Amino acid sequence: MIPEVLTLTPSQALWPRQLDERLESVAPSSLWIIGNQGLLAERKVGLFCSVRCPDDTALRAYDACRKLRDEGMALISGFHSPVEK
């Protein structure tokens, strides 16, 4: 099954206004969305993790992510590092 792809532009209600506020003239003119579109309306946290970090740091990050998840926060990552997996 091929997932539906939605093209989003700044004139649409789901457009994340933070893009325009923070990126100003270099903000993208459109976004392509696959999956739950409602996540754009939620508060989000982006993860940038290192493949190499101390075990205690990875454990604290993992615990913090679980807590945020349990509180309903949308967590976004590249799922490349051990913490993100």
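## Basis

The model is predicted: local features need pLDDT of at least 70, side-chain atom pairs count only at pLDDT 80 or more, and totals for chains, interfaces and linings use all residues. Residues are numbered from 1 along each chain as its sequence is written, and side-chain values use heavy atoms, with hydrogens and water left out.

## Backbone

Helices (H or I, at least four residues) and strands (E, at least two) are DSSP runs, numbered from the N terminus. Helix α2 covers residues 55-70, which makes 16 residues. At 1.5 Å a residue it should span 22 Å; the expected span is 1.5 Å times one less than the number of residues. The end C-alpha atoms of α2 are 23 Å apart, which agrees. Just after α2, G72 takes a positive phi of about 90 degrees.

E24 also has a positive phi, about 45 degrees, although it is not a glycine. Most residues other than glycine have a negative phi. E24 sits in the loop between α1 (17-23) and β2 (31-34). E24 is exposed, at 61% relative accessible area. Here buried means under 20%, exposed over 50%, and partly exposed in between (1.4 Å probe, protein chains only).

## Salt bridges

A salt bridge needs a side-chain nitrogen of Lys or Arg within 4 Å of a carboxyl oxygen of Asp or Glu. The count comes to 4. One of them joins R17 and D20, at 3.8 Å from N to O. Both residues lie in helix α1, 3 residues apart, about one turn of the helix. R17 is partly exposed at 37%, and D20 is partly exposed at 30%.

E71 pairs with K67, with the closest N and O atoms 2.7 Å apart. E71 is exposed at 52%, and K67 is exposed at 52%. R69 and D70 meet at 2.9 Å, N to O. R69 is partly exposed at 46%; D70 is exposed at 57%.

## Largest pocket

The largest pocket has a volume of about 270 Å³. Its lining is P16, Q18, L19, R22, L23, L40, K44 and I76. Helix α1 gives the most, with 4 residues. A pocket is an open set of points on a 1 Å grid over the protein atoms alone, where a 1.4 Å probe fits, with protein on both sides within 12 Å along at least five of seven lines; lining residues have an atom within 4 Å of a point. The volume is the space filled by probe spheres set on the points.
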